[in-house]
Amino acid sequence: YCAGCGHICETASGLPVCDIMRHLMYERGYGDTDLARRSFGALPEAVRAQLATADFAAAERLCPQRLPVARLMREAAATLA
């Protein structure tokens with residue numbers, strides 16, 4: 001799970017990874033797809049557009065939880081859009 005240490009992954013990627021992880025938690029952890037989609041949809045379009053192509057390799061290397069950040073960001077873009 002995401003521990004909320006965004007200063008690590010967000011600095012490495014330049015994107016709001018923690019916010020997007022929270023949106024995924026709404027959907028997957030709480031089963032609240034509507035809230036997840038509304039929250040994700042409130043992100044700027046430019047941010048949402050970058051998720052499919054951004055390089056999250058540094059964020060993954062630095063993640064203390066060893067999360068597959070790139071995969072999760074792409075899943076969020078595909079399922080919450």
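Helices α1 and α2 are roughly perpendicular to each other, a label given to angles of 65 to 115 degrees, with under 35 counting as roughly parallel, over 145 as roughly antiparallel and the rest as oblique. This is a predicted model, in which local features need pLDDT of at least 70, side-chain atom pairs count only at pLDDT 80 or more, and totals for chains, interfaces and linings use all residues. Residues are numbered from 1 along each chain as its sequence is written, and side-chain values use heavy atoms, with hydrogens and water left out.

**Helix packing**

- Helix α1 covers residues 6-13 and helix α2 residues 17-28; they pack at about 115°, with their axes 8 Å apart. (Helices are DSSP runs of H or I with at least four residues, numbered from the N terminus; axes are lines fitted to C-alpha atoms over the stretch in contact, and angles run from 0 to 180 degrees between N-to-C directions.)
- On the α1 side the contact (heavy atoms within 4.5 Å) uses G6, C9, E10 and S13, while α2 brings V17, C18 and D19.
- Sorted by class, that contact has three nonpolar, two polar and two charged residues. (Ala, Val, Leu, Ile, Met, Phe, Trp, Tyr, Cys and Pro count as nonpolar, Asp, Glu, Lys and Arg as charged, and the others, Gly among them, as polar.)
- Further along, helix α3 (residues 33-41) and helix α6 (residues 69-80) cross at roughly 105°, their axes coming within 10 Å. That makes α3 roughly perpendicular to α6.
- Here A36, R37 and F40 of α3 meet A76, A77, T79 and L80 of α6, a set of five nonpolar, one polar and one charged residue.

**Salt bridges**

- You will find five salt bridges in the structure, each a side-chain nitrogen of Lys or Arg within 4 Å of a carboxyl oxygen of Asp or Glu.
- R22 pairs with D19 in a salt bridge, with the closest N and O atoms 3.2 Å apart. The two are three residues apart in helix α2, so about one helical turn separates R22 from D19.

**Pocket and cavity**

- The largest pocket has a volume of about 240 Å³. (On a 1 Å grid over the protein atoms alone, a pocket is an open set of points with protein on both sides within 12 Å along at least five of seven lines; in a cavity a 1.4 Å probe fits but cannot get out; lining residues have an atom within 4 Å of a point.)
- Helix α2 gives the most to the lining of the largest pocket, with six residues; the lining includes C18, M21 and R22.
- There is one cavity of 30 Å³ or more, and the largest cavity holds about 80 Å³ of space. (A volume is the space filled by probe spheres set on the points, which are joined across faces, edges and corners.)
- Among the residues lining the largest cavity are C2, I8, C9, V17 and M21; by class, its lining has 11 nonpolar, one polar and no charged residues.
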